[in-house]
Amino acid sequence: MDKIRHDILSGTCNHPSRFPNGEKILRLIPQIVIDHDIRDTFGCPIVFEQYDFRPAEVLTEISLEEYVEFITYCLEYRSLILEQLSEEEERKKITVLTARHEAGEDLTAEEPYGTLCYVCIIRDLNGVGLDHLGTQGQEIIKAVVGK
């Protein structure tokens, strides 16, 4: 995880297409890993996953280990984006509270200022078929969930 975090933070792979095997995997399994510019009605960044692919075909082009590595990078990337967005929102809130305090407003009834951001994950299950429930599909799920 430390190497992944370092790679992402250093900018050497700051976009999912630049993750290990990212271009190939995104071509095989198109998705939005996270988009902080597109938000749901609660202001959460959007993640879009679709299952309109055949696991057997995907595994002929990439190994299970390569896919798991890509997913690990994606999860760490989402985590870093959410951490950054939470920090930005918290700084905005602190700025407003500071201005209100300096204006002499009593802030004792204010709630703590910590801010957590969430993602909205949209999963398009339209392409899910028997292949996804078969041996190779289960291998993919077990490998990803097991990490």
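Helix H4 is followed by Gly104, whose phi is positive, near 90°. The model is predicted, so that local features need pLDDT of at least 70 and side-chain atom pairs count only at pLDDT 80 or more, whereas totals for chains, interfaces and linings use all residues. Residues are numbered from 1 along each chain as its sequence is written, and side-chain values use heavy atoms, with hydrogens and water left out. Helices (H or I, at least four residues) and strands (E, at least two) are DSSP runs, numbered from the N terminus. H4 comprises 39 residues (64–102) and, at 1.5 Å a residue, should span 57 Å, which agrees with the 57 Å between its end C-alpha atoms; the expected span is 1.5 Å times one less than the number of residues.

Strands S1 and S2 pair in the antiparallel sense over three bridges, pairing being assigned if DSSP finds at least two bridges between two strands. The two strands form a hairpin with five residues between them, and Gly43 in the turn has a positive phi of about 90°. Asp35 stands opposite Ile46 in S2.

Four aromatic pairs were found in a search of the whole structure, where rings of Phe, Tyr and Trp (its six-membered ring) pair if their centres lie within 6.5 Å, and planes under 30 degrees apart count as stacked, over 60 as edge-to-face and the rest as tilted. The rings of Phe19 and Tyr73 have centres 5.3 Å apart and planes at 45°, so this pair is tilted. The pair links distant parts of the chain, with Phe19 in the loop between helix H1 (2–10) and helix H2 (22–28) and Tyr73 in helix H4, 54 residues apart. Both Phe19 and Tyr73 are buried, that is, under 20% relative accessible area with a 1.4 Å probe and protein chains only. Ring pairs link Phe19, Phe70, Tyr73 and Tyr77 into a cluster.

Pockets were located on a 1 Å grid over the protein atoms alone, as open sets of points where a 1.4 Å probe fits, with protein on both sides within 12 Å along at least five of seven lines, and lining residues have an atom within 4 Å of a point. About 580 Å³ of space lies in the largest pocket. Of its 23 lining residues, the closest to the centre are Glu49, Tyr51, Tyr67, Arg123 and Val144. The second largest pocket has a volume of about 210 Å³, and its lining residues include His15, Asp35 and Tyr77. Strand S1 (residues 32–39) gives the largest share of that lining, six residues.

Terms used: Grid points are joined across faces, edges and corners, and a volume is the space filled by probe spheres set on the points. Buried means under 20% relative accessible area, exposed over 50%, partly exposed in between (1.4 Å probe, protein chains only).
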